[in-house]
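Here is a quick tour for anyone meeting this structure for the first time. Have a look at the picture, then read on.

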Amino acid sequence: MSLDRRAFVKGGAAAAAWAAASWARPFHALADGGTGSARSYGPLSAVADETTGLPLLKLPPGFRYVSLGWTGDPMTDGKATPPGHDGGAVFPGPKGTLLYIRNHELNVHPRLDIRRSFAATDRTYDSAEAPGGVTAVGFDPQRRTALATEPRLSGTLRNCAGGATPWGTWLTCEETLDGPDGGYGDADLAQTHGWVFEVAARGKADTRPIRGLGRMWHEAAAIDPASGTVYLTEDRRHSGLYRFQPNVVGGVGSLHRGGRLEMLALPGHAGLDTSNEFPHDTWLDVDWVPIADPERPHADPVARDGLGVHSQGVEAGGASFERGEGIGYGDGRVFFVATSGGRNGGWGQVFELDPAESRLRLVYESPDREVLNRPDNLAMSPRGGLILCEDAKSARPFLRGLSTEGALFDLAQNNVVLDGERNGLAGDFRDKEWAGASFSPDGQWLLASIQWPGITFAITGPWQRGIL
């Protein structure tokens, strides 16, 4: 069944349509971890935020930014914006504005007095101790000002990343298996967790989990707009890459109508350690093995091991990666990261999947933490290349650019140090991770967040000077 193109446009999916069309150039791998010869945007230096005047980011010459959607800012219902900013995507708003749909990766956190849903009842999945969720923050690029922040969904847990759909909604993914049937936290929960939810940019909320996408340690999602196939990553030490082939292609709520969940396998390479043995710049054939019971949370119910979905795939011959996280789709290709993969200490890998030819290759492998330190969320650039958000523990994380020639360079660095200037937030946050990078539909603004204390940034500059 083909996607209804009129419904695609009317659904407000300009950003997703742009992403699918922007990758016209082939991606040349530099998997041995070189830095290549990409036109970087120049050396980074501290730049003042146009909202607060504080030097919160380091950027190349000519780039500027606006901070918005801070933790503690009042939302439309009067409640404070929650922390834990994570995956997100930019959607077109009315009259040239932008709407940034953003996750909040939260468990019960007594020290921060975070225990329950931050949204209204009709936007809450679990009314017990489940404080995670999704907000939508507006931005006016002409005036360079923040607009209202609205709670879109809550009563969920550890909303890590997700992905925009071609019909203009956001898939938010829970990275947990907690619930009344057992889990890893101490929260008192009324509902099971470990699901994906579909969140509308505006309008009525849908609090139903999409059960066909499985119950597991979800991370991120990317959708092929032609086939409707959903590609899913899983954030655990040994994780699978999954695809969901829907029964109905396209449209709000269509994923609830079922389909087939499968895990990627590498025929002829059983037992291949993808984190240490995957050949550089070599295509390997792929196959897909079925997941018979997508809702099975554990392989061992007594041990509550969280391997219910993953073990089914592995037993059928599926391949494992070291912490699958960011994923994106463009020009018929799927790019995803293995955050802890790599021969040289596990500093990160970037893979490219060619679904049409059923093949996979390693595009980039970090040689050292100083070059690329644990890539997490991923964004597609309208001018070619990828944005990689570093989850650099105990370091000062960067946004890195990876060109279509396989060259890596620095784009931005976290420089957040606060002394109560905004909402009483104070501390040195320069070691906190980047998340949620996403370009505006016209490619002029890059929105991304620092997870803690929780700040979103809208960055713009002379993009034409480089390859992003």
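## Before we start

Two strands count as paired if DSSP finds at least two bridges between them. Strands themselves are DSSP runs of at least two residues, numbered from the N terminus. Keep in mind that this is a predicted model.

## The six-stranded sheet

Let's begin with an open sheet of six strands, lined up as E1-E2-E24-E23-E22-E21 and paired antiparallel. At its edges sit strand E1 (45-47) and strand E21 (375-380), each with pairing on one side only.

Now zoom in on one pair. Strand E22 (residues 386-390) runs antiparallel to strand E23 (residues 398-402), and four bridges link them. Opposite Cys-389 you'll find Leu-399 in E23.

## The five-stranded sheet

There's also an open sheet made of five strands, again with antiparallel pairing, in the order E11-E12-E13-E14-E16. Strand E11 (218-223) and strand E16 (287-290) are the edge strands here, each pairing on one side only. From one strand to the next, the twist averages 30°.

Within this sheet, strand E14 (residues 259-265) pairs with E16 in the antiparallel sense over four bridges.

How values were computed:
Residues numbered from 1 in each chain as written. Predicted model: local features only at pLDDT ≥ 70, side-chain atom pairs only at ≥ 80, totals over all residues. Heavy atoms only, no water. Axes fitted to C-alpha atoms, helices over the stretch in contact; angles between N-to-C directions.
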